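Work through the exercises below with the model open. Try each task before reading its solution.

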Amino acid sequence: MDTVISHAPLTIKIHDADNVAIVANDGGLPAGTVLPGGLVLKDKVPQGHKVALVDLPAGAPVLRYNVPIGYALEAIEAGRWVHERLLQMPQARELEGLPKATVTAPALPPLEGYTFEGYRNADGSVGTRNILAITTTVQCVAGVVEFAVKRIKSELLPLYPHVDDVVGLEHTYGCGVAIDAPDAVIPIRTLRHISMNPNFGGEVMVVSLGCEKLQPERLLPPDVIPISDQRDPHAGLDVVCLQDNEHVGFMSMVEAIMKTARRHLERLNARRRETVPASELVVGVQCGGSDAFSGVTANPAVGFCADLLVRAGATVMFSENTEVRDGIAQLTSRAQTPEVADAMIREMAWYDAYLKRGSVDRSANTTPGNKKGGLSNIVEKAMGSIVKSGSAPISGVLAPGERLNGQRGLIYAATPASDFICGTLQLAAGMNVHVFTTGRGTPYGLAECPVIKVATRSDLARRWHDLMDVNAGLIADGEKTIAEMGWEMFQLMLDVASGRRTWAERHQLHNALVLFNPAPIT
Ligand code: CA
């Protein structure tokens with residue numbers, strides 16, 4: 001049976017030159033539907049999927065975002081469903097001869113007077129949460145740390161009401177790895193920089209096994225340990241080593257971790273939120289479980305909000321190499337300087353080589369769910385993903401695991417598109433608020449940083465009413481404009497940064513830290 005249509009047929013065309021539009025109605029539209037312009041659907045077209053607006057001869061480019069997202073494998077009549085099996089995917093653009101810093105950015109007048117309530121750190125950064133993080137050097141200690149964290153939460157945390165949480169920074173790295181391989185710098189600096197995230201207040205404590213390859217001093221050399229101003233600068237790194245002779249039995253290890261934690265909890269508990277300018281926000285944006293609405297509703301609204309953040313002097317990071325690769329010319333054009341464009345190209349070339357080494361083809365990104373949601377291939381997905389970056393010039397590029405070092409504005413933080421790895425690398429870069437858009441739906445969350453989840457469709461926002469923080473589907477429903485939604489997100493970010501809890505925080509939905517380790521395992 002065909003779906004009953006509750007609303008008038010609604011299609012969304014992004015650019016005047018596009019020869020396809022997507023169907024916006026919940027449940028899609030049945031064959032025979034007459035669209036507002038008079039075009040009659042020849043097939044049933046699911047929600048988010050494309051309909052041909054004109055007759056497309058075989059070989060013709062199929063244009064969405066005024067970009068060829070594919071070429072027709074056969075003649076496609078106007079009114080037909082244009083699904084991925086009818087499209088040949090274009091090749092990725094070569095990285096030679098790209099335009100560099102050629103676009104003059106639109107005027108973005110400064111936004112002044114916006115503030116939030118944050119935790120000012122000794123190094124000048126600002127936390128949005130006050131969390132004790134326990135750094136680990138190796139997976140071997142994870143069980144002990146988990147046990148200790150449970151006890152800290154139940155026995156100590158009630159004594160320190162100004163501390164939000166205690167988090168064990170557990171991971172699968174640290175031993176059994178080729179630690180001197182060139183690419184091992186990526187997982188090592190990622191772990192180092194996560195322990196320095198602004199939400200942890202500069203209070204670094206480490207649990208080590210003792211015999212692992214990643215020794216505490218290698219993870220956190222003396223010149224990078226952030227030492228809070230109250231602490232003795234000669235005290236060195238605060239490490240509990242489980243193999244130390246002093247430990248007799250499991251409980252001795254747990255007690256040592258708890259005793260060390262207490263010292264850090266005392267200092268964290270003495271901190272209070274203070275009013276700071278919106279420029280202290282470091283927002284990481286990414287998407288996951290995308291559909292064809294991602295590039296129409298949620299991502300353009302995030303892009304609008306990204307421009308507001310840049311205007312307020314804040315830092316916005318966008319990421320996901322495989323989802324910007326097909327738009328590389330747009331991005332190198334938007335680079336503030338030729339050097340920034342070169343850094344973008346360097347990251348893309350490195351990633352191309354990494355994928356090639358694994359014999360990965362261009363079908364590797366786009367999941368079955370992406371396709372079900374109307375995204376035919378990575379080109380179409382990329383065009384919808386890039387709009388999260390708004391229109392500001394790109395002022396800097398970070399390699400995977402690198403940390404912001406005074407850069408502001410719009411930053412490209414190079415990461416894989418994998419949700420958990422991207423989030424992990426953005427934490428390392430210094431993110432204090434995370435924005436995550438999704439069309440298919442994911443309950444994603446991080447223990448280290450608040451995650452604001454944005455639904456691309458009202459249907460998802462209704463069903464997942466206690467998981468999605470923002471419904472950008474209202475844009476497709478015609479109830480809100482992209483600008484209104486962007487402003488709403490901007491305000492929500494300031495509220496969340498000031499302590500308002502997101503749905504993921506209320507339910508304590510925490511995904512694992514997942515390191516990007518392109519180096520060999522031994
Ligand atoms: Ca992602």
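**Exercise 1. Two helix pairs**

Task: At what angle do helix 1 and helix 4 pack, and how far apart are their axes?

Solution. Step one: locate the helices. Helix 1 covers residues 142–156 and helix 4 covers residues 250–269. Helices here are DSSP runs of H or I with at least four residues, strands are runs of E with at least two, and both are numbered from the N terminus. Step two: read the geometry. The two helices pack at an angle of about 55°, and their axes lie 9 Å apart. Axes are lines fitted to C-alpha atoms, for helices over the stretch in contact, and angles run from 0 to 180 degrees between N-to-C directions. Step three: classify. Helix 1 is therefore oblique to helix 4. Under 35 degrees would count as roughly parallel, over 145 as roughly antiparallel, 65 to 115 as roughly perpendicular, and the rest is oblique. Helix 1 passes helix 4 in a right-handed crossing. The near helix is turned from the far one by less than a right angle, clockwise for right-handed and anticlockwise for left-handed.

Before going on, note the source. This is a predicted model, where local features need pLDDT of at least 70 and side-chain atom pairs count only at pLDDT 80 or more, while totals for chains, interfaces and linings use all residues. Residues are numbered from 1 along each chain as its sequence is written, and side-chain values use heavy atoms, with hydrogens and water left out.

Task: Repeat the analysis for helix 2 and helix 11.

Solution. Helix 11 spans residues 419–429, and helix 2 spans 185–195. The angle between them is about 60°, with axes 7 Å apart. So helix 2 is oblique to helix 11. Helix 2 passes helix 11 in a left-handed crossing.

**Exercise 2. A sheet**

Task: In which order do the strands of the open sheet 9-8-14 pair, and is the pairing parallel or antiparallel?

Solution. Step one: take the order. The 3 strands run 9-8-14, and the pairing is antiparallel. Two strands pair if DSSP finds at least two bridges between them. Step two: find the edges. Strand 9 (126–127) and strand 14 (274–277) are the edge strands, and each pairs on one side only. Step three: count the bridges. Strand 8 (residues 115–120) is joined to strand 14 by 4 bridges and to strand 9 by 2 bridges. Step five: inspect the hairpin. Strands 8 and 9 have 5 residues between them, and Gly124 in that hairpin takes a positive phi near 95°.

**Exercise 3. The calcium ion and its cysteine**

Task: Which protein atoms are donors of the calcium ion?

Solution. Step one: list them. They are Gln286 (OE1), Cys287 (O), Glu320 (OE), Ala417 (O) and Asp419 (OD), lying 2.3 to 2.6 Å from the ion. Donors are N, O and S atoms within 2.8 Å of the metal (3.2 Å for Na, K and Ca); water is not among the atoms, so sites may look incomplete. Step two: write the spacing along the chain. It is Q-C-x32-E-x96-A-x1-D. Step three: check burial, meaning under 20% relative accessible area, with exposed over 50% and partly exposed in between (1.4 Å probe, protein chains only). Cys287 is buried at 2%, Glu320 at 0%, Ala417 at 12% and Asp419 at 17%. Step four: look at the backbone of Glu320. This residue sits in the loop between strand 16 (315–318) and helix 6 (321–324). Its phi is positive, near 75°, although Glu320 is not glycine.

Task: How many disulfides does the structure hold?

Solution. There are 0 disulfides. A disulfide needs two cysteine sulfur atoms within 2.5 Å. For Cys287, the nearest cysteine sulfur is that of Cys422, 8.5 Å away. Cys422 is likewise in no disulfide, and it is buried at 0% relative accessible area.

**Exercise 4. Two loop residues**

Task: Where do Tyr65 and Asn197 sit?

Solution. Tyr65 lies in the loop between strand 4 (61–64) and strand 5 (67–72). Its phi is positive, about 60°, and it is not a glycine. Tyr65 is buried at 14% relative accessible area. Asn197 lies in the loop between helix 2 and strand 12 (205–208). Asn197 is buried at 1% relative accessibility. Asn197 and Leu427 are 230 residues apart in sequence, yet 6.5 Å apart in space, C-alpha to C-alpha.
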